[in-house]
Amino acid sequence: MIHSLFLINCSGDIFLEKHWKSVVSQSVCDYFFEAQEKAADVENVPPVISTPHHYLISIYRDKLFFVSVIQTEVPPLFVIEFLHRVADTFQDYFGSSNVGDTLPTGQLSNIPWRRAGVKYTNNEAYFDVVEEIDAIIDKSGSTVFAEIQGVIDACIKLSGMPDLSLSFMNPRLLDDVSFHPCIRFKRWESERVLSFIPPDGNFRLISYRVSSQNLVAIPVYVKHCISFKENSSCGRFDITIGPKQNMGKTIEGITVTVHMPKVVLNMNLTPTQGSYTFDPVTKVLTWDVGKITPQKLPSLKGLVNLQSGAPKPEENPSLNIQFKIQQLAISGLKVNRLDMYGEKYKPFKGVKYVTKAGKFQVRT
Amino acid sequence: MTDSKYFTTTKKGEIFELKAELNSDKKEKKKEAVKKVIASMTVGKDVSALFPDVVNCMQTDNLELKKLVYLYLMNYAKSQPDMAIMAVNTFVKDCEDPNPLIRALAVRTMGCIRVDKITEYLCEPLRKCLKDEDPYVRKTAAVCVAKLHDINAQLVEDQGFLDTLKDLISDSNPMVVANAVAALSEIAESHPSSNLLDLNPQSINKLLTALNECTEWGQIFILDCLANYTPKDDREAQSICERVTPRLSHANSAVVLSAVKVLMKFMEMLSKDLDYYGTLLKKLAPPLVTLLSAEPELQYVALRNINLIVQKRPEILKHEMKVFFVKYNDPIYVKLEKLDIMIRLASQANIAQVLAELKEYATEVDVDFVRKAVRAIGRCAIKVEQSAERCVSTLLDLIQTKVNYVVQEAIVVIKDIFRKYPNKYESVIATLCENLDSLDEPEARAAMIWIVGEYAERIDNADELLESFLEGFHDESTQVQLQLLTAIVKLFLKKPTETQELVQQVLSLATQDSDNPDLRDRGYIYWRLLSTDPVAAKEVVLAEKPLISEETDLIEPTLLDELICYIGTLASVYHKPPSAFVEGGRGVVHKSLPPRTASSESTESPETAPAGAPSGDQPDVIPTQGDLLGDLLNLDLGPPVSGPPLATSSVQMGAVDLLGGGLDSLMGDEPEGIGGPNFVAPSAATVPANLGASMGSGLSDLFDLTSGVGTLSGSYVAPKAVWLPAMKAKGLEISGTFTRQVGSISMDLQLTNKALQVMTDFAIQFNRNSFGLAPAAPLQIHAPLSPNQTVEISLPLNTVGSVMKMEPLNNLQVAVKNNIDVFYFSTLYPLHILFVEDGKMDRQMFLATWKDIPNENEAQFQIRDCPLNAEAVSSRLQSSNIFTVAKRNVEGQDMLYQSLKLTNGIWVLAELRIQPGNPSFTDLELSLKCRAPEVSQHVYQAYETILKN
């Protein structure tokens, strides 16, 4: 399996290493650095690299590379999943403050994912239904591709060994689901009910995907006009955002990010709403829009300054859009009820819905 | 209170202070001190001086403190082995602690301390822990065995831990089962030949039960282990599939992919008619798609695997094209993989969408990606004929952008499109020529030159264009030079009058001023061709070219099948079998998909479509290169000489000797490879006189051509064996063998009279048999056979007799009569006497047939200990009418694709895998495909006989 693990930060310092068998010299990371140099962008470093004697399988999370050294034939997904779990644990442990309060304690229990003897004074169970829309919209505004990636995250603080059943108004929506191991698969197959003894604390209960095109509503539209004049050092930029199928809810937290072509020197724009920044180094334009009020649609217009003498850019920048809609699961998924068995107390229960943009791209 | 404060003490004399604190009486203080020590150790300070003091703290019932001390021990035991011994007693004691957590912790830590001296003490506690009443301890101990094995394999074997571990596979606790499997898999990796994980239906059941309840990591091990099992029939395969399917909904992508592997592998055994087969196909798509919404690293591995899956079973994802559309901020490694899969999934139904996407990608920023997108458009044109026109116009649009690398890629792919669809899109040549000057990459220049040369008659200024390239001839890369040479020769042959000077120039550049042997050789060949026979030159140079294959980048089927068995592993990422890249050169264990074996109840109609056969729209794999030379030689020889009807007159003994001897001496002069040993032994060489003469006269010419000539020589002939012992036939002993020579089969008999009376009136008759073998002439023995006399005779056979299927297939029942009685005997004839001389299949035909024959008709065999290389094998087989259609080298192995035809018209196709250059591995692997699979076994025997003699 994994022979050694190196943690490397963005500036290339190996600041932590762990060896399970024998010590593998840090120099093995040189192959990784080589690949990193070739990739130009940190995100483009290939996750599996072969070196004369080892394989390096790495992930990139929160500006850190987790590089594992492998010597035998292994399932790479096993390693990658494991590395993500290591990253999760670090995040959990270091959290917002520097070092967490307690060291993890393992306790024997019949249920591997739940420790025994859990006790709370306030017993509560909260579920967040979070849906993200991944979409590619083409120049003319029609949808090339759209799907919903949904998750139900749970925060369960219940004493003892509660046995929960969560049912939906419209479980048929869920045809492609990945479950937390605690869920009883048979019950789901036969009754479409999520029945489980939950782990203690925060965890992801299920993730699901809704892909049939007609079920995926696209809540916003973008009108855009980005053009560069031939043989001149300027161009025009004009985008407007409006609500489309928003189910009567407010769309908020809108941000538009655009990677402008390299020849763009600067942008001189006026937003009708919110504020914008343009980073001349990375060429990233970010427009923080806020929320849409249908009476006056937010827009951002102005001029683009190009490097003089450079040819007109060939590529058209794609717009990356972020937004949020509270109290709505865009797929229409609704929780029906939550029942608890096995314990006597009455828990507080709550469900929250939110829809966000995932990888939501508009081509221009 | 947080733990961070432990990391902040940096006072002087720290070690001294810590020492005091560690030896304090107060428990709290001790614990604090150990925490400080661990903190120092973690940030890399040397606190090994405190070893004895820390170890002293080990004897505590506080679990937290104990864990910390163990942590310290694991870190420093290696550098202080002598001191670590001091801790052994405590470990041994802890292994008997009433608290199972402590027992497990102790055995775990001991396994992590990689010090030889300690491992000796580990054995007894480990043995106890493996049989502990608490499952938590047992599962920890199971892993510990693997750790110990890594340190000292011999010790583990001597102590019998492997058997205990095997027993744990039947443990009642799923976690224990999972860990036992994990440990055994890890150990098995260093002992590939061991049968540590031999599974039977009972243990499979245990594993499947444990699968539902163990941790996600355990599930991966169990699934990977299941994938190595071969179910006994389709029912068992289906029931395993049913129990594995729920894993597809697991949140851990590695679990999902391992489950996919098991299903893909066992599906091979299911009949396509089963409803369940369809259900399973449907169930596979969503989890694969879901993998694509995970983190990019996971996506990458998933995509590499999906690439294999869509090649094996394109139907699974054929409706999911859109999920492979590229997002502009995907990492480049994901983009390139998605693009590859898009092309594999492209079909007439979705081509419009795909093209629109590809066009979009061609305007992106990343150069590598743009190039690949342009190439993809070309591949679509070649793959989906209906889209070719649209692809060409898209490529023209892209050329208009004048972006340099886009134009160059476009020209390279347009060349391929011309080769696939000749005389269709040549109207675009003018547009291409406009961009001549902007081409600076060798591949694009070579492509353009090829186009100019190929279509010289349609391009008015072709000579000027080519001349312009000629100016900097020596600065061009070889690829361009070769192309330029050919193009100008083509031009000359098309427009000889105006271009004589040009061709002179290029020929002298290529032959006189170049250091490159390829270029020089090609130049000389053209020169001589042109000077000796311009007409022939025209025929050769301007010959009609075969259309290019639909796709050349598909993985070769045998390799694909093997890789399917490795889904989810590094092999699946590299698309190479592990033997090709895993270090250590362990014994090569090739995995292969299970053959289809139906359970006795399920009757299958022979029309059943094969489970593994690619669906109709899957493109072919054309073996590249191949043995073109062989083809040419065979062509020259014309159709194989078919045997003229045998002379009915008997062959006199004297004549036989003469001919046989003459033939032998003729052949003796020839170098090896014509098949000296394969030739019929003189005593059996009973070639009819007229044929012998014609052979003799033709021999000297023909034999100059070496190989190819194999058709003329005879098949291998086994030494004569006694068929009818004298005891059973009142003194008549018959021994014999079968031969095949130049199209005629004969039975060479040796009759010995061991009785005391003279034998006369011989006659012979065959019973009906599988291939209709019958004597073509009566058994003619003129003189009576006196006591102790022996006569040799060759009985010509034909295959027009009546047919009846025999068991075994090659059984021949014979009756021999003489003046005394009638005697019966039966013999088995080697199948290769039935291999006919025109058994060489055309290459295209071969591919089509191979695809066409259902997979369940494929049989696999091993020919052991055959240290021959591909050429030797090929020529030896050819002399017995097994013809090599193509040869290729894959991952250092030679693959021979061969065909043969039986007298009754049955074709048998073969794939023979040879590992040259590996003297320790001399086994050949043979796959046979035939519409009448019952002959496979006998064909295999023929192979073995031919190759081993």
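**Loops, salt bridges and the interface**

Modeller: B:Asn788 sits in the loop between strand S5 (774-775) and S6 of chain B, where strands (E, at least two residues) and helices (H or I, at least four) are DSSP runs numbered from the N terminus. This is a predicted model, in which local features need pLDDT of at least 70 and side-chain atom pairs count only at pLDDT 80 or more, while totals for chains, interfaces and linings use all residues. Residues are numbered from 1 along each chain as its sequence is written, chains are lettered from A and ligands numbered from 1 in the order in which they are written, and side-chain values use heavy atoms, with hydrogens and water left out.

Biologist: What is the phi of B:Asn788?

Modeller: Positive, about 65°, although B:Asn788 is not a glycine. Most residues other than glycine have a negative phi.

Biologist: And is B:Asn788 buried or exposed?

Modeller: Exposed, because its relative accessible area is 69%. The classes are buried under 20%, exposed over 50% and partly exposed in between, with a 1.4 Å probe and protein chains only.

Biologist: Which residue of chain A has a positive phi although it is not a glycine?

Modeller: A:Asp62 is one, with a phi of about 50°. A:Asp62 is in the loop between strand S4 (55-61) and strand S5 (64-70) of chain A, and its relative accessibility of 53% makes it exposed.

Biologist: Back to chain B. Which peptide bond is cis?

Modeller: The one from B:Glu807 to B:Pro808, with omega near -5°. B:Pro808 belongs to the loop between strand S6 (790-798) and strand S7 (811-817) of chain B.

Biologist: Different topic. How many salt bridges are there over all chains?

Modeller: A search of the whole structure gives 52. The rule asks for a side-chain nitrogen of Lys or Arg within 4 Å of a carboxyl oxygen of Asp or Glu.

Biologist: Which residue does B:Asp94 pair with?

Modeller: B:Lys66, with 3.0 Å between the closest N and O atoms.

Biologist: What about B:Asp330?

Modeller: B:Asp330 forms a salt bridge with B:Lys338, at 2.9 Å from N to O. B:Asp330 counts as buried, with 5% relative accessibility, and B:Lys338 is buried with a relative accessible area of 2%.

Biologist: How many residues does helix H18 of chain B have?

Modeller: Helix H18 (residues 332-345) of chain B has 14. From first C-alpha to last it reaches 20 Å, close to the expected 20 Å, where the expected span is 1.5 Å times one less than the number of residues. Of the 14 residues of H18(B), 13 are buried, so the helix is mostly covered.

Biologist: Where is B:Lys754, and what does it pair with?

Modeller: B:Lys754 forms a salt bridge with B:Glu733, the closest N and O atoms being 3.2 Å apart. B:Lys754 lies in the loop between strand S3 (744-753) and strand S4 (763-766) of chain B, and B:Glu733 in strand S2 (residues 732-741) of chain B, so the pair ties together parts that are 21 residues apart in sequence. B:Lys754 is partly exposed at 47% relative accessibility, whereas B:Glu733 is buried at 17%.

Biologist: Which residues are linked in a network of salt bridges?

Modeller: B:Arg371, B:Arg375, B:Glu409, B:Glu441 and B:Glu443 are linked in one.

Biologist: Now the interface. How many residues are in contact?

Modeller: 69 residues of chain B are in contact with 65 residues of chain A, contact meaning heavy atoms within 4.5 Å. The two chains bury about 5900 Å² between them, 59% of it on carbon and sulfur atoms. Buried area is the accessible area (1.4 Å probe) that two parts lose on being put together, summed over both.

Biologist: How many salt bridges does the rule find across the interface?

Modeller: Six between chain B and chain A. One joins the side chains of B:Glu357 and A:Arg363, at 2.9 Å from N to O.
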